[in-house]
Amino acid sequence: MSGYKSFAVAGAGNIGKFIIEALLDKKASGAVSSVSVLTRSSGGHEELVAKGAKLSAVDYASPASLAGALAGIDVLISTLGGPAIAQQADLARAAKTAGVRLFVPSEFGNPTDGATEGIFAVKAALRRTLAELGLPYAAFYTGPFTDFIFAPGFAEAFGFDFKNGKASIGGSGTAPISFTHRTDIGRFVAHSLTALPRAKIEGRIFRIEGDRISFNQIVADYSTRTGKPLAVTHRPRAEFEAAVAKNPADFPSILILEWDAGKGVVGKPDELGNDDWPEWKPAKVVDTIVQIYGH
């Protein structure tokens, strides 16, 4: 076991909530002693508080505020996203000051190894900062969140309209992509940071996936499973390249280009960390889609 007992999570949104809930399950079983949630205000998150989370209101612009909230914390998990990603360096420095033993940066997506542009480069640069600080870290590459990408209101941004039986796939649709459900990510993060020995955690990038599958195969498997064929069209890469040139912050188009270029897998099969927890059994993509939309 790692010996890590006290945890803090920065952010309780898109992925943070799922990690917090999994840590609270560990707290209920006695594997974790405390779970703090760093927030910008002292209100909200009543459901998490009811399960045993402690809210710590912080000023992300104040090193003293951050360090004070992190006193006595073993592991800090950052789930900051969007523009807040840039605040992770300040968070890391405060963690070092407070004596935090492990920092988990906000990766939780496509690999960022060697990235030199955009948000991926910001994430990659943070690991260099952690090394300079001498602050041990563990990162998690998970691929896109299955239950988020294919949810109504978001699936359409990536070309999938299950309600109307249509799919407009960016690029060829043949490249495999690593997908992982957010509940499964939370479970794996909480398990690995408590059950594994520290030597198998510190300095490691966990490459995990619930499913490795292409968009074309998702369409085929969904149609076979439900008996509802999807009318498929393909949109050329040039269309997404033009969209990003016009708006460099067009994240869906950026992701589609990354995935179509074969950069959507978390690693080679022999690099996966799934076997660190053989009982994990994460959800498959088509199972999640059917759960959302029905047969």
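Modeller: Gly 170, Gly 173, Thr 174, Ala 175, Ile 177, Phe 215, Ile 256, Trp 259 and Asp 260 line the largest cavity. The model is predicted, with local features requiring pLDDT of at least 70 and side-chain atom pairs pLDDT 80 or more, while totals for chains, interfaces and linings use all residues. Residues are numbered from 1 along each chain as its sequence is written, and side-chain values rest on heavy atoms, without hydrogens or water.

Biologist: What makes this space a cavity, and what makes a residue part of its lining?

Modeller: On a 1 Å grid over the protein atoms alone, a cavity is a set of points where a 1.4 Å probe fits but cannot get out, and lining residues have an atom within 4 Å of a point. The structure holds 1 cavity of 30 Å³ or more. The largest cavity has about 50 Å³ of space, a volume being the space filled by probe spheres set on grid points joined across faces, edges and corners.

Biologist: Which helix supplies the largest share of the lining of the largest cavity?

Modeller: Helix α10 (residues 251-260) does, with 3 residues; helices (H or I, at least four residues) and strands (E, at least two) are DSSP runs numbered from the N terminus. The lining of the largest cavity comprises 5 nonpolar, 3 polar and 1 charged residues. Ala, Val, Leu, Ile, Met, Phe, Trp, Tyr, Cys and Pro count as nonpolar, Asp, Glu, Lys and Arg as charged, and the others, Gly among them, as polar.

Biologist: Why is an open space called a pocket instead?

Modeller: A pocket is an open set with protein on both sides within 12 Å along at least five of seven lines. The largest pocket holds about 710 Å³. Of its 37 lining residues, Asn 14, Gly 81, Phe 108, Phe 145 and Phe 251 lie nearest its centre. At least two lining residues each come from β2 (34-39), α5 (118-133), α6 (146-149) and α10, and α10 gives the most, with 4 residues. This lining has 21 nonpolar, 13 polar and 3 charged residues.

Biologist: Which elements give two or more residues to the lining of the second largest pocket?

Modeller: The second largest pocket, with about 480 Å³ of space, has 17 lining residues, of which Glu 117, Gly 118, Phe 120, Ile 254 and Glu 258 lie nearest its centre. The elements in question are α5 and α10, and α10 again gives the most, with 4 residues.

Biologist: Why is α8 called oblique to α11?

Modeller: The axes of α8 (residues 215-226) and α11 (residues 285-293) come within 10 Å and cross at roughly 55°. α8 is therefore oblique to α11: angles under 35 degrees count as roughly parallel, over 145 as roughly antiparallel, 65 to 115 as roughly perpendicular and the rest as oblique. Axes are lines fitted to C-alpha atoms, for helices over the stretch in contact, and angles run from 0 to 180 degrees between N-to-C directions. Contact, meaning heavy atoms within 4.5 Å, joins Ile 218, Asp 221, Tyr 222, Arg 225 and Thr 226 of α8 to Val 285, Val 286, Asp 287, Ile 289 and Val 290 of α11.

Biologist: What makes α1 oblique to α7?

Modeller: α1 (residues 16-29) and α7 (residues 182-195) pack at about 45°, with axes 8 Å apart. That angle makes α1 oblique to α7. Their contact has 6 nonpolar, 4 polar and 3 charged residues.
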